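Try each task before reading its solution.

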Amino acid sequence: MSAIPSVDLSDFISGDPIRKQKFIKEIGAAFEDIGFVALSGHFLSDELVEQLYAQIKDFFKLPQEVKDSYEIEGIGGQRGYTSFGKEHAKGKKEGDLKEFWHFGQYVENNPKLESEYPDNVTVKELPEFNDTGKETYKMLEKTARYVLRALALHLGLEETYFDQWIKNGNSILRPIHYPPITSEPKNAVRAAAHGDINLITLLMGAHGKGLQVQNHQGEWVDAIARPDQLMINVGDMLSRLTNNKLKSTIHQVVNPPRELWGSSRYSIPFFMHPVSEMPLNCLEHCIDEDHPKGFEDTTAGEYLNERLIELGLVKK
């Protein structure tokens, strides 16, 4: 496959069984093949997208000492600001050429999880920043819930199989700023080749060249969405759960051509995580003679912690 397939979520929620089945078939095939789709028909309004970009651009323009005041020690970068070059891909020593912010879950009716998750960090210099981030988080979480319902049906599960695990899940909204490149990077790129940790990722801002996906032939394919689309990909947790039936695809953000070094790039992924207790044991009906069980039993919480150590965000 050389291009990223497009799907329309409004087919799934249309109430028309033929359109619903069409969506399930299209997204299932795409996730078994290349692990990525461009999705329209989501729950983000154009106005909300515009507001969020305005707010995050204003945040990243703040003086460095102000941004640094929102970098919280001891929580593995799970909330607030993470400074330039701090995160690296698994197996890489060089830090990625980016800085970012994390909005986390807004827990409802669960005091235990409220005490477990770090608090969201309020940016006092920008009064609309946190409200805009929360609204975007909620709309992306809602979109992800319907995508997972379609995938549950594709996998032969109850439609609402994932609902219990993603309610109050440990999901993250991450506005990223890739600053202008001022000198020849030494082995570093904006985001080195990696797979995502979570169930699925919904990406805003894949509207220009930069994001690349590796297909089964080992070729890098440009992943470019229309302005009204989100790029959605399978994460490693979903790949484990389905015994690699749904593919977590390696992807990267490459540096732009030299003539574009002076420009910033912004992208905003939403990493859909379940609650820590979710078992990631391979589904029995994804295991057969041709596809023996490929992964050890684990939980989402254990797996996340292991990966955050590999990324350099949590110390052993």
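Helices (H or I, at least four residues) and strands (E, at least two) are DSSP runs, numbered from the N terminus. This is a predicted model, in which local features need pLDDT of at least 70, side-chain atom pairs count only at pLDDT 80 or more, and totals for chains, interfaces and linings use all residues. Residues are numbered from 1 along each chain as its sequence is written, and side-chain values use heavy atoms, with hydrogens and water left out.

**Exercise 1. Find helix α6, compare its reach with the expected span, and look just past its end.**

Step 1. Helix α6 covers residues 129-154, which is 26 residues.
Step 2. The expected span is 1.5 Å times one less than the number of residues. For α6 this gives 38 Å, and the reach from first C-alpha to last is close to that, at 38 Å.

**Exercise 2. Work out which strands pair with β13 and how its residues are covered.**

Step 1. Two strands pair if DSSP finds at least two bridges between them.
Step 2. Strand β5 (residues 172-173) runs antiparallel to β13 with two bridges; here Ile 172 has Phe 271 as its partner.
Step 3. Strand β6 (residues 176-178) is also antiparallel to β13, over three bridges, with Ile 176 opposite Ser 267.
Step 4. Strand β8 (residues 200-204) joins β13 through five bridges, again antiparallel, and Leu 203 faces Pro 269.
Step 5. Now check burial (buried is under 20% relative accessible area, exposed over 50%, partly exposed in between, with a 1.4 Å probe and protein chains only). In β13 (residues 265-272), eight of eight residues are buried. Arg 265, Ser 267, Pro 269 and Phe 271 point one way, while Tyr 266, Ile 268, Phe 270 and Met 272 point the other.
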